[in-house]
Amino acid sequence: MLVNFFLFATAYFGLRSRPWTPYATMGWGLGLALHGISVFVLGTDGSLRERMVQKERERLQRERGGGPPR
């Protein structure tokens with residue numbers, strides 16, 4: 001919200017050529033909404049997250065010499 005206020009203030013006091021801040025705010029809001037949907041709606045079962053965690057654990061085990069984690 002503070003960033004959006006800064007953008008509006010910059011556009012109002014500095015760059016009065018045309019109102020561009022609603023586009024930036026809507027783009028940011030769209031990105032935030034899509035991220036929220038991907039995390040809270042599509043990621044409820046946790047399968048993607050669990051696969052990524054498992055892949056990272058396997059990579060770390062290979063780097064440490066193949067032994068089980070301590």
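A residue counts as buried under 20% relative accessible area, as exposed over 50%, and as partly exposed in between. The model on your screen is predicted.

**Stop 1: Arg59.** Select Arg59. Its relative accessible area is 31%, so Arg59 is partly exposed.

**Stop 2: Glu56.** The side chains of Glu56 and Arg59 form a salt bridge, with N and O at 2.5 Å. Why can these two residues be found about one helical turn apart? Both belong to helix H3 (residues 47-63), and they are separated by about one turn because they are three residues apart there. Glu56 has 35% relative accessibility, so Glu56 is also partly exposed.

**Stop 3: Glu63.** A salt bridge links Glu63 to Arg59, and their closest N and O atoms are 2.4 Å apart. These two residues are four apart in helix H3, about one turn of the helix. Is Glu63 buried or exposed? With 56% relative accessibility, Glu63 is exposed. Shared partners in the salt bridges join Glu56, Arg59 and Glu63 into one network. The count of salt bridges comes to two.

**Stop 4: Phe40.** Clear the selection and pick Phe40, which sits in helix H2 (residues 21-41). Its relative accessible area is 65%, which means that Phe40 is exposed.

**Stop 5: the surface around Phe40.** Show the surface and select Leu30, Leu34, Ile37, Val39, Phe40, Val41 and Leu42. Together these residues make a nonpolar patch on the surface, with about 730 Å² of accessible area.

Definitions and conventions: Residues are numbered from 1 along each chain as its sequence is written. This is a predicted model: local features need pLDDT of at least 70, side-chain atom pairs count only at pLDDT 80 or more; totals for chains, interfaces and linings use all residues. Side-chain values use heavy atoms; hydrogens and water are left out. Patches are made of residues with over 30% relative accessible area and no salt bridge: like charges are joined within 9 Å, nonpolar side chains (Val, Leu, Ile, Met, Phe, Trp, Tyr) within 5 Å. Accessible areas come from the Shrake-Rupley method with a 1.4 Å probe; for residues, only the protein chains shown count as cover. A salt bridge is a side-chain nitrogen of Lys or Arg within 4 Å of a carboxyl oxygen of Asp or Glu. Buried means under 20% relative accessible area, exposed over 50%, partly exposed in between (1.4 Å probe, protein chains only).
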